[in-house]
Number of protein chains: 4
Amino acid sequence: MLYFENDYCEGAHPAILQKLAETNFEKVPGYGTDPYCASAKAKICAACGCPDADVTFISGGTQTNAIVIASMLQRWQGVMAAATGHVAAHEAGAIEYTGHKVIALPAHEGKVSAADVRDWCATFYADANHDHMVFPGMVYISHPSEYGTLYTKAELEELHAVCQEYHMPLFMDGARLGYGLMAKGTDVTLQDIARLTDVFYIGGTKVGALCGEAVVFPHGAPAHFMTMVKQQGALLAKGRLMGLQFDVLFTDDLYTRISRNAIETADRLKEGLAAKGYRFYMESPTNQVFPILENSQLKALEPLAKFGFWEKYDDTHTVMRIATSWATRMEEIEQLIDLM
Amino acid sequence: MLYFENDYCEGAHPAILQKLAETNFEKVPGYGTDPYCASAKAKICAACGCPDADVTFISGGTQTNAIVIASMLQRWQGVMAAATGHVAAHEAGAIEYTGHKVIALPAHEGKVSAADVRDWCATFYADANHDHMVFPGMVYISHPSEYGTLYTKAELEELHAVCQEYHMPLFMDGARLGYGLMAKGTDVTLQDIARLTDVFYIGGTKVGALCGEAVVFPHGAPAHFMTMVKQQGALLAKGRLMGLQFDVLFTDDLYTRISRNAIETADRLKEGLAAKGYRFYMESPTNQVFPILENSQLKALEPLAKFGFWEKYDDTHTVMRIATSWATRMEEIEQLIDLM
Amino acid sequence: MLYFENDYCEGAHPAILQKLAETNFEKVPGYGTDPYCASAKAKICAACGCPDADVTFISGGTQTNAIVIASMLQRWQGVMAAATGHVAAHEAGAIEYTGHKVIALPAHEGKVSAADVRDWCATFYADANHDHMVFPGMVYISHPSEYGTLYTKAELEELHAVCQEYHMPLFMDGARLGYGLMAKGTDVTLQDIARLTDVFYIGGTKVGALCGEAVVFPHGAPAHFMTMVKQQGALLAKGRLMGLQFDVLFTDDLYTRISRNAIETADRLKEGLAAKGYRFYMESPTNQVFPILENSQLKALEPLAKFGFWEKYDDTHTVMRIATSWATRMEEIEQLIDLM
Amino acid sequence: MLYFENDYCEGAHPAILQKLAETNFEKVPGYGTDPYCASAKAKICAACGCPDADVTFISGGTQTNAIVIASMLQRWQGVMAAATGHVAAHEAGAIEYTGHKVIALPAHEGKVSAADVRDWCATFYADANHDHMVFPGMVYISHPSEYGTLYTKAELEELHAVCQEYHMPLFMDGARLGYGLMAKGTDVTLQDIARLTDVFYIGGTKVGALCGEAVVFPHGAPAHFMTMVKQQGALLAKGRLMGLQFDVLFTDDLYTRISRNAIETADRLKEGLAAKGYRFYMESPTNQVFPILENSQLKALEPLAKFGFWEKYDDTHTVMRIATSWATRMEEIEQLIDLM
C-alpha cells in the first residue's frame, strides 16, 4: 500500500532522533528556558535576518493559530482570512472559542487578495455604524495555502501595505513553510517573510519534526506572550523537545534541504501524471498535488494507494490530494505513477 | 552541579527513544488514529481494569486540566479545588480562560477533604439565592498533590461518595501518578482510581516521556470530546508521538518500574537528610522532598546544587523542594547527602 | 424635521407609562419573580397557544440573541444565519464573544432557505473530517428580517423540518415581530411560530415598550436558563419593569393593535411614493420601506427629513430606509409624501 | 405585611415617571446618543468635579461589573476583590465567563484592605514563577459594601496608592452609592471618589431609578468602550430610558435627597431596635440593618414582615437583613419597631 494521504505520516528526520538520544540525560531547565531553545532561536533569527525577533515554540498548528491570533487581537477585533483558510474552516472553532470572529474573505485558489482586504476595510470604516460591528484586526494568510498555492513577493508587499494602512498585523501560517520556500519559481525568501509580516510560523510538524511550530515575531512579541501561551495550555514543561528539534532543523540548512525533497518528488509526480494524461484541479507548486480522478479508477486504486479526499469534481470524477513530504522516496513516486 | 530542581529536566526513557527510532518511517494516520495510540489505549485500559474506558493523549498538564474541566462542566458550574491546587494557582488562569470559576477549598497539605466538599455544597444548596451563584460542578484533586502528599483509599472513597451525592464528576490530576502509585505505604492502586474517579490522567511528561498525558474516562468520554480537544488546540497531527510513548511505558510495567526509582531515591534522600538532622516542612511519601534549610547554608549550596524554591519558612530559614524522578541515579543522591 | 430614522425613537405606549405610575409604590420581589412578570407570562403563553412555554424577559435584542444562542448551543456547535442576519453582521461579535461561530449562509432578501441549510448540513456530515470543524447547532432567522421581509408559513415549515432532521433548534429573532404578524398577506400567526420554532422572542423595544424582549421557549427553556441569564449580566433586579410592560402589551390585544399602525402607515407611504414614481430596493411588507433616491434629492431632503442610510445603489442613487412604528402618525406620513 | 427584603422592591421616583411621560413622544436618536444622555452626563461630570470624565449608562449591576472589568483587564490579569464581594460570590460567574479570575482577598466587614492588596502583590511579584500565574490587574471594591459598610477617605487614599504602585485601576461598585454618600459620619464625597478611583458607578436601580447604573471613568474610558458594551449585549436601543432617569436624578440634588431618606429611616430603625435590646451582627452606617433575631421570634414575624435572610448566627439565632431605600416611609419603620 502506497501512502500519500498527508504530509505528517512519518516520524522525524533521523538527525533529530539522534540528537534527542545524544542529549537525553542532560539536565536542563523547563518551559523553553533551556540551551536548545536558545540555540534554535538564535539560528532562526539569523536565518530570518532578524537579530531581535522573538521566537516561541508551540506544539501544533491549530494551537499556534489560536494563540497568535488571540494574543494580538483586541477584544473588538476579528481576524480576516480566506474562506478556505485553516482558521476559518478546519479548526473546530478554535478562534471563536477565544472570543474572536473570523471574517471570511473570498479565496483565490486559497489566497487572500490585498484588494479584497482594502475593499472590506474601506466599506467597514465608511459605515457610520461600524462601532456596532467587529473591527478588522489582523490578516491571516497561509503560505503555502491549504491548496498548495503561494503568494508572490509582490502580493505579500501589497498585503503588507494594506495591513500597514489599516494598522493590522499580517500573520502568515507557515505550517508547510519549507515547501513554500523551496518551490520552483517562488521569489519569496524567509527574509522577505520576516520583513513583510508581523508574525509568522515555521512549520515543524509537517517538515521533519515530531511536533512543533516556531512562531517568529520579527518586531517583538506582544507583552506577556509567554503567560498567554501558558493560559492557552501550550507551554510544554520539556520545552527542550521542541527547541532541540528546531536547533537540528536550522543547523546546516537541514530544513531547506529536506523541504526540497518534497518539492522534487511532487514535481516528478505532476510530470508523470501529466504525461499519462491526468488533469489537475489546480496548479500547485508545492508538495500537494490535486489530480482529478475518475471515480471508477479511484475505487480500483483504493487497495493499492491511499490519498486524501479533497472534493467531488462532478458526478463521475473526484479531486484527490496526494501529499509528498521531506520523507517521501522517489521510488514511491515512480511506483505511484506506474500504478495510476 | 547537582540538579534537583524539578522532575522534568531529562528527556525520555531510552526505550521510548529506541522505539521512536525503530518505527520512524512507518506511515501511520494522524490525529491519534494510528496503531500505536490504539495499542497504548488497550494497555492502559487493561492496567486500569476498565475495558471500556476512553483514553486520549494530550501533550501537557495545564492543557489537559483545561480541556478535561471545560469539557465536563456545564456553563453555570465551576470546579472545586484545593487553594493550592495547580488549576487554582499555577496555570495562568487557564480554567477561567475557558469561562469557569475555580472554587477554592481549604488545602490540607495540598489535599481536598470530602467533608469540606460536602459542607460547601450543603451550604450552597441551602442558600435560597444559589441560582445567582456558580454551581459546584466537579471536584479536582491531584494525586500526588503539589505537596507530594497522597490520598488514602478511604479518602478517595469519601470523595467519590460526596461527588456521587452531588452529581459531580471527580477528576484526578495524575501528573506524577506513577510516583503516587509506587510510594511506600499507599493503599491506592490504578484500578482503585479508575473505579473511584470519573476522569483522571496518567502523567507522562514527569514520568519518563518527552511529553504527553493519558486522559482516562473510565465510564466513557463526553460526547464530541475529540472536537473539543481540537477546539482547544491540543489535537496533535502526529498523534503517534504520544501513543507510542505510552505504548512503551505500559509495556512490561515500565511505567511502574521507572516510577519506583524516583521513590527509592527520594526515600534514601529523606533518610540521609534526617540522619544529618534536617527537618522537613511536610512528610511527603512521593518524589518531592521539602527540607528546611538555613539561608546561609542555602547560599553556600547555590554553586553546587540546584533545588526548587518552595517558600520562606522564617527570617533565617527557607523551604526548598528537591525532586527526584525516574532518571535520578542513586549516586547523585549520595553526592547530595554528602554535600549537605 | 420629520424623523423616520428608526423604529425606536419614541418612548413607550402611554398605557405602559400609566401602569408604571399606578403600580409604582407596590412592593414586589425582584429578578422577575413579581406578579407582573407572572401575569405577562401567562398572557403570552395564552397568545402563543402554549400553556407550558417558558417565558423570560431580557432588556435588549443583542443581549437576547447572545443569551439564547449561547444557552442552547453545545461548545462544538455554531449558529447558522443569513450573512445579513443581525447576529452575523451587526452585534460587534457578541456571539463569538461567547465562544461560538456564526456560520453564514446566503441571504435571500434577508432570509435563510431551508434548502441552503440542508445542503450545508449534508455537505458537513459527508465530510469525513467534520469532527475537525464547527458543527451546525442551531438556525437563526429574523422575522421580519433585517430587510423587512417575511417567511411564509410554508418556508417556516421547511425550516422546521430541516432543523428537526439535523436535531437543531430553530430560533426566531422577533425584534419586530408585531410588524411581521400584522403585515398584509402574511399567513404566519404567533401560534404558528410557537409551533414551528424551538425558541423565539417577541420584540418589545421596537414595538411599544421602553425596553425588553420576551423570550419564549415553547417546549421549555434549557436547564438553569436563569443562571445563564445572570451570568451574561441580563437579570434585572427590577424585573417588574419588563413584566409590567409586556403585561400591558398583551392585554386587550394592545401589541397587535399598535403593530397594525406601523403597517398601515408604511403601506400608505409605499403607495404614496409609488404614485410619485419612486422605485424600491426591495418589496418589504412590514414597517421598513427602502426607496431608491437620487443623491441630489437626498441632499435636498437632509434638512427636512431624517432617514436611515441603507446602502449605495449606484453612483447617483442611494437606498434609504424609512421606518414607521407603533407611534408613527398618519399625518407625518402625508407630510413626508408631500415633501418627497 | 411590611416589606423590607431589599432596596429594589418599588418602582422609580415619581419625578422620573413624570419626565418619562412628558418626553415620551419626542423623537431622539438611539444607543445613548440622545440629548437626555448628554444632559445627564454633563450633570454627572459636574457633580463629580470631572469635566472630562466619560459616562456610560448600563442597565444593571452585574452587567456593569462584567463590562467594566472585562474592558479594563488584560487577558493575563484577574481582578482582586473581597471574598464577600458581589463579583466574587453573587454573579453566577459573570466575571469568569469573560475569561478572568476573581482573586479573592480577605474581607474585613465586606471591605478590602490596602495592606492585603500590597501583601498579595508583593508576594506575587516576588515569586520567580509569577509568569505562570494570573497577574493582579485591578482592584474591585463596593461602597457601600455588601455588608453596608463604608471606606473612609484615608482607606480609599491607601487603596489608591497601592493601585498606583502596582499600576492597577481601582474600581468602585456603587450600586448603593447614594446611601454611602449620605451616611452619617462618612468623610467620602463624590469628588473624592472621582479623584481616587479609575472607574466607578453610580447606582440607579437601588436609588430611585427603574433600572440603570452610570459608569464614570474620571480619566476617560478605554478605547472602543462602546463597542465592548455592545459586544456584551448592554447597548440599549432606547438609551434615552437611562439618560433621562439620571438626568432627573442629578437635577436639583434629587439623588442626594432621596438617598438621605434611606439613611434616616435606617438610623431610626437601628435606634428603635437597640432601644428594645436587639443586637446587631455588624455596625452598618448605610441602608442595610443586620439584627440578630431568635429563630422563634423570626417565625412569629414571618406573616407580618418580610426581611432578607442573611446567615445563620447560631443554633437558635439568625442574622437578618432589613433594607430601607429612597422609598421607605418613616411610618413603616415605626410599625416595624412596634412589631418587633
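A disulfide is a pair of cysteine sulfur atoms within 2.5 Å. In this predicted model, zero disulfides occur over all chains. The sulfur of C:Cys48 lies 5.7 Å from the closest cysteine sulfur, that of C:Cys50, which is too far for a bond. For B:Cys37, the closest cysteine sulfur belongs to B:Cys211, 11 Å away, again too far for a bond.

Local features need pLDDT of at least 70 and side-chain atom pairs pLDDT 80 or more, while totals for chains, interfaces and linings use all residues. Residues are numbered from 1 along each chain, chains are lettered from A, and side-chain values use heavy atoms, without hydrogens and water.

Chains D and C meet in an interface. The contact (heavy atoms within 4.5 Å) takes 49 residues from chain D and 48 residues from chain C. The two chains bury about 4200 Å² between them, 59% of it on carbon and sulfur atoms. Buried area is the accessible area (1.4 Å probe) that two parts lose on being put together, summed over both. In chain D, the residues that lose the most area to chain C are D:Lys27, D:Tyr97 and D:Lys238, together 19% of what that side buries.

Four salt bridges cross the interface of chain D and chain C. A salt bridge is a side-chain nitrogen of Lys or Arg within 4 Å of a carboxyl oxygen of Asp or Glu. One joins C:Lys27 to D:Glu10, with the closest N and O atoms 3.4 Å apart.
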